[in-house]
Amino acid sequence: MKPVSFAALLTAAGLVASAPALAQDASDPHAGHDMGAMGAMDHSMHQMPAAAPAGAPDPHAGHDMGAMDQAAQSDETARMDHSTQTDHSAHMDHAAALAIPDSEVGNAPPPPVPTDHPADAFWDKARMMRARAALSREGAFFGNALILDRMEHRSRNGKGGYAWEATGWIGNDYDRLAFDTQGEGTYGEPLERAEVRAAWRHAFDPWWNFELGVRQDFGHGPDRTYAVAGFRGLAPYWFEVGAHAFVSNKGDVHLRIDAEHDMRLTQRLIFQPAIEIDVAAQDVPELGIGAGIEKIELGARVRYEFAREFAPYVGVHWERKLGRTAGFARADGESPSQVSAVVGLRMWF
Amino acid sequence: MAGRNTGGMLSGESIALSIGAARFGVGRRSAAAVAVNGSIPAPLIRLREGQNVRIAVTNTLAEQSSIHWHGLLVPFHMDGVPGVSFPGIDPGETFVYDFPILHSGTFWYHSHSGMQEALGLYGPIVIDPAEPDGAAPFEREYVLMLADWSPTDPHTQLRKLKTMGGYYNWQRQTVGGLLKGKDQNLKERLEWAKMRMDPADISDVTGITYSYVINGHDSEANWTALFAPGERVKLRIINASSMTNFNFRIPGLAMTVVAADGCDVQPVETDEFQIGIAETYDVIVQPNEAAAFAIIAEAIDRSGLVRATLAPQIGMAGAIPPKRRRPILTMRDMGMDMSGMDMGQGGEIDLSKPANESMDGHSMKMRDLSLAPGVKPGPGVATISPMPADRLADRPTGLEDVEHRVLTYADLRSRKPNPDRRTPSRQIDVNLTANMERYMWSIDGQTISSGGQPIPFREGERVRVNLINHTMMPHPIHLHGHFFELVTGEPGNRPRKHTVNVLPGGKASFDLTADAVGDWAFHCHMLLHMHAGMMRVVTVRAAGDAA
């Protein structure tokens, strides 16, 4: 791969060597023109719907922004009118000379959208039809992802345990089949708690998705099945937020709200606070759940992204059972409050 | 390994191209690629205005392919877009393109299938004028084909970006940066975070995965052009990237721009310009000392660059300048033209004032759909620019504050008078819409896949097209089969182009004479944006012929 020049392009093109006579014309007399006035001018253009009647002589029409409340608008107009006319109006006139103003652009109706395909006259119609279908398909995204958000070791009071949280999806931009799973346990003991969810995830807004699905629980106590409905999305200030309601096959109702936030300390070192709150509408003694707020989980993890797909982390996990749920835990000989140090790995596929 | 087109040139009335699987490597990395006649870039095609050409293209790949002649005015059924102008070239098939060469200039060709141009299917076209043209004389000329290359397949890139919009951005704002006083202050960061907008989101696919190349060579390989001191050297610069807009400069040398997108412009001297994907610029430089000059194409997010060398002899290398800071977007990039709002205070316009200060007390919504009635609302439209400014005279993203001359579109004046000086009979708004987090891209909130209809024109009508960018990224928008005049400067000699880079949150208008009957592709030339849906078909039909 040694450097080689474009030999064929070494055309010593000693063409007519007259000086470029046009150079003098090159400098646009308006090049240094103040853009402020032009910007305002152009708003008036943009604001006019294409089909609107021509003739918007008021250059201040540009400030008629829907997003600004009336008071602000009139204030704005007033300020403009108060401005020293000399400089300002000069700019406006200049701007008007630069472009054909919108008032001069016609308002002819657009032609109808044709339904014919001129290429069919040149090429095999059936092939063209297949090619059009392929072009349409090409832009329709269909994909998948699997994100093992947390696979962690937890140690509390000298005892070792584990926890996981993973999510995945398959589908297009609007509708996806989403999987979620989370669970935890202590080494050498039976699985403490695990749940698996499958849901239809529908994008109904730039930031928010609606979810409808089922959840199956395993582990301690009787296994339950729930119907799930809720929302997941991105809240202002970049918080990943979920809010879901669960109704079990025994009729008990639960609510869960969770949120997490990625705070970049450096490009690769990321601090992630997380919170999860579980609420029950009634006592479910066989699961050790009492009505009201069941428990609050708080996490703080710091991960290092060697790659987006591979990020080991350390952190703290705190969970506190509350109210009657705490009572059930105590009766079980368990502490309602637990703090663990965690070490784990975040991965993507 | 694919060759690197070190001298291959095809001319004449009959040309044969063979598209084939290859392997391409830059530095220590290599990956599967697509080459033409075994070469990446594809061979230079050099023709003369007024001739006819027959180009037989054989596809030896296992998938469909195609070649589009970017910027050449050809009959629509020779334009090479599968599903629009022709059926595509099936595996094993030879397709013969046959068209007259109507005009001169610097152009290029590339695949319009399956994102193959990201894999190497791109090459330069030079059309010499029918009569020698002495208006911009030179003694030597070179083609500089700028590109980005990644061993990661573009479909995989898309999948990563659909999962995480900032996947390739490793230059985001950090707490560490805040403590060091870098980038935005805390108040600004909170304001932007509230809107879920990232001011460091300059490019989608970056130098973390890309190697940037000139004529297939990275900085280390140091592609070199030779000159004798005092000679005027013409550089034909083509941005054949799939996802990279470049800042182009030759430190120590002024560049005289003499053509843009193949159309002659009145010579204008500059020190740096931004070249959007698919644009071409011809510049003339005149190095007088026998020294090596670095030709620098820098990705606009400054995540990487490529250096070639202009030298009096082989074996020299131009010095790579220090890395410049990654730009940070402003309110103007968000479509808030604050300049208008600051006006009137004693007639002074204070652009130095932080724009958002003047926002206090106003309810400025970032998604007021009533401002863009043509946009179909949906999850794919995250923002609507509240006050998009005409940005044709703005310096492009990241070059706002550099201390030397920077070309803007407003500096360009066509050398020849514009052929059609009628006032447009109507105008249309074309809204460039997106949701960066979901990585969805569209025009007027719709994609061809989601039922976006063609944009219709009558044959011969003159229409003003207002491109309005509702995203925070520049979009190089390309219309096939036509040159249009940018609405900047006085009418008569406005710059004619086939691609215009619409700056973030801003507006760019062009006047189009729809004189080429047929169906034409119209799209953002960021390959992943086009693939994800920022594309439409433009139809031109004889009046009264709309079936």
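**View 1. L17(B) stands opposite V57(B) in β5(B).** Here we zoom in on the pairing around these two residues. Strand β2 (residues 14-26) of chain B runs parallel to strand β5 (residues 52-59) of chain B, and six bridges link them. Strands here are DSSP runs of E with at least two residues, helices are runs of H or I with at least four, and both are numbered from the N terminus. Two strands count as paired if DSSP finds at least two bridges between them. The model is predicted, so local features need pLDDT of at least 70 and side-chain atom pairs count only at pLDDT 80 or more, while totals for chains, interfaces and linings use all residues. Residues are numbered from 1 along each chain as its sequence is written, chains are lettered from A and ligands numbered from 1 in the order in which they are written, and side-chain values use heavy atoms, with hydrogens and water left out.

**View 2. Stepping back, β2 and β5 belong to an open four-stranded sheet in chain B.** The strand order is β3-β2-β5-β7, and the pairing is mixed. At the edges sit β3 (29-36) and β7 (94-100) of chain B, each with pairing on one side only. Neighbouring strands of the sheet are turned by 20° against each other on average, direction ignored (axes are lines fitted to C-alpha atoms, for helices over the stretch in contact, with angles from 0 to 180 degrees between N-to-C directions).

**View 3. Strand β15 (residues 255-260) of chain B is largely enclosed by the rest of the structure, because five of its six residues are buried.** Buried means under 20% relative accessible area, exposed over 50%, and partly exposed in between (1.4 Å probe, protein chains only). β15(B) pairs in the antiparallel sense with strand β18 (residues 280-285) of chain B over four bridges. In that pairing, T256(B) sits opposite I284(B) of β18(B).

**View 4. β15(B) and β16(B) make a hairpin with two residues between them.** In the turn, D261(B) has a positive phi of about 55°. The two strands, with β16 covering residues 263-270 of chain B, pair in the antiparallel sense over five bridges. A260(B) has C263(B) in β16(B) as its bridge partner.

**View 5. For context, chain B as a whole has five helices and 32 strands.** Its C-alpha trace spans about 65 × 60 × 45 Å along the principal axes. Of the 547 residues of chain B, 69% count as buried.
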